[in-house]
Amino acid sequence: MKSVYNEDFAYLIGNFVADGSFYKDSSGYRFEFVDGSPYNKELIYSLQHLNFVKDILEKFLNIKITNPVKRENTNMYRLYFRNNELTNIFLDLFKFLPGDKSRVIDIPLAYKETKYEKYFWIGYLDG
């Protein structure tokens, strides 16, 4: 398995904990990251942020992911995809379960009190 012990992946997990979603439906597991702004002129930053997350994912998973899309009648962009490798990492290593988000923020033990903890928190704050 690829190593999740790097700055980019710690950032990604922090960002996911803040504002990502992990769902299970009849087609399997799905990931979603959303970013937006109430101000149209600031939407470019939301798109840039989701493209940064997309780049981390593509590099880590060695796949192409569809570009973020703007939700109709909203000021939000959405990045969503399915990937079995990431699903296994979320379920087995991080013990993330699909469904509603928790209101309690727990840094995964993989990053707690390591040199990657600060990147988790940077990702969290960006989320």
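In this predicted model, phenylalanine 52 has a relative accessibility of 40% and is therefore classed as partly exposed. Tyrosine 11, at 7%, counts as buried. The structure holds 19 aromatic pairs. In the pair made by tyrosine 11 and phenylalanine 52, the ring centres are 5.3 Å apart and the planes stand at 80°, so the arrangement is edge-to-face. Because tyrosine 11 belongs to helix α1 and phenylalanine 52 to helix α2, this pair ties together parts that are 41 residues apart in sequence. An edge-to-face pair is also formed by phenylalanine 16 and phenylalanine 33, with 6.1 Å from centre to centre and 70° between the planes. Here helix α1, which holds phenylalanine 16, is linked to strand β2, which holds phenylalanine 33, across 17 residues. Phenylalanine 16 is buried at 8% relative accessibility, and phenylalanine 33 is buried at 2%.

In soluble globular proteins, nonpolar side chains tend to be buried together. Leaving aside residues up to four places away in sequence, isoleucine 13 is in contact with Phe90, Phe94, Phe96, Pro108, Tyr111 and Phe120.

Helix α2 consists of 19 residues, and the distance from its first C-alpha to its last is 27 Å, close to the 27 Å expected at 1.5 Å a residue. Its buried residues are Leu43, Ser46, His49, Leu50, Val53, Lys54, Ile56, Leu57, Glu58, Phe60 and Leu61. These buried positions pack against α1, β2, β3 (69–70), β4, α3 and α4 (117–126). Directly after α2, asparagine 62 adopts a positive phi of about 55°.

Eight salt bridges were counted. One of them joins the side chains of lysine 2 and glutamate 85, at 3.5 Å from N to O. Lysine 2 lies in the segment before α1 and glutamate 85 in helix α3, so that distant parts of the chain, 83 residues apart, are linked. Both partners are partly exposed, lysine 2 at 33% relative accessibility and glutamate 85 at 28%. A salt bridge is also present between lysine 59 and aspartate 8, whose closest N and O atoms are 3.1 Å apart. Since lysine 59 is in helix α2 and aspartate 8 in helix α1, the pair ties together parts 51 residues apart in sequence. Lysine 59 is exposed, with a relative accessible area of 60%, whereas aspartate 8 is partly exposed at 29%.

Arginine 30 and glutamate 32 form a salt bridge through their side chains, at 3.2 Å from N to O. Both residues are buried. Salt bridges with shared partners connect Arg30, Glu32, Arg71 and Arg78 in one network.

Arginine 30 and glutamate 32 are also contacts of serine 21, which touches Phe16 and Phe31 as well when residues up to four places away in sequence are not counted. Serine 21 is located in strand β1 (residues 20–25). With a relative accessible area of 14%, serine 21 is buried, because the value falls under 20%. The side chain of serine 21 makes a polar contact of 3.4 Å with that of tyrosine 23.

How values were computed. Residues numbered from 1 in each chain as written. Heavy atoms only, no water. Contact = heavy atoms within 4.5 Å. Helix = DSSP H or I, 4+ residues; strand = E, 2+ residues; numbered from the N terminus. Expected span 1.5 Å × (residues − 1). Buried < 20%, exposed > 50% of the residue type's maximum accessible area, 1.4 Å probe, protein only. Salt bridge = Lys/Arg side-chain N within 4 Å of Asp/Glu carboxyl O. Polar contact = N/O pair within 3.5 Å; in protein donor to acceptor, adjacent residues only side chain to side chain. Phe/Tyr/Trp six-rings, centres within 6.5 Å; stacked < 30°, edge-to-face > 60°.
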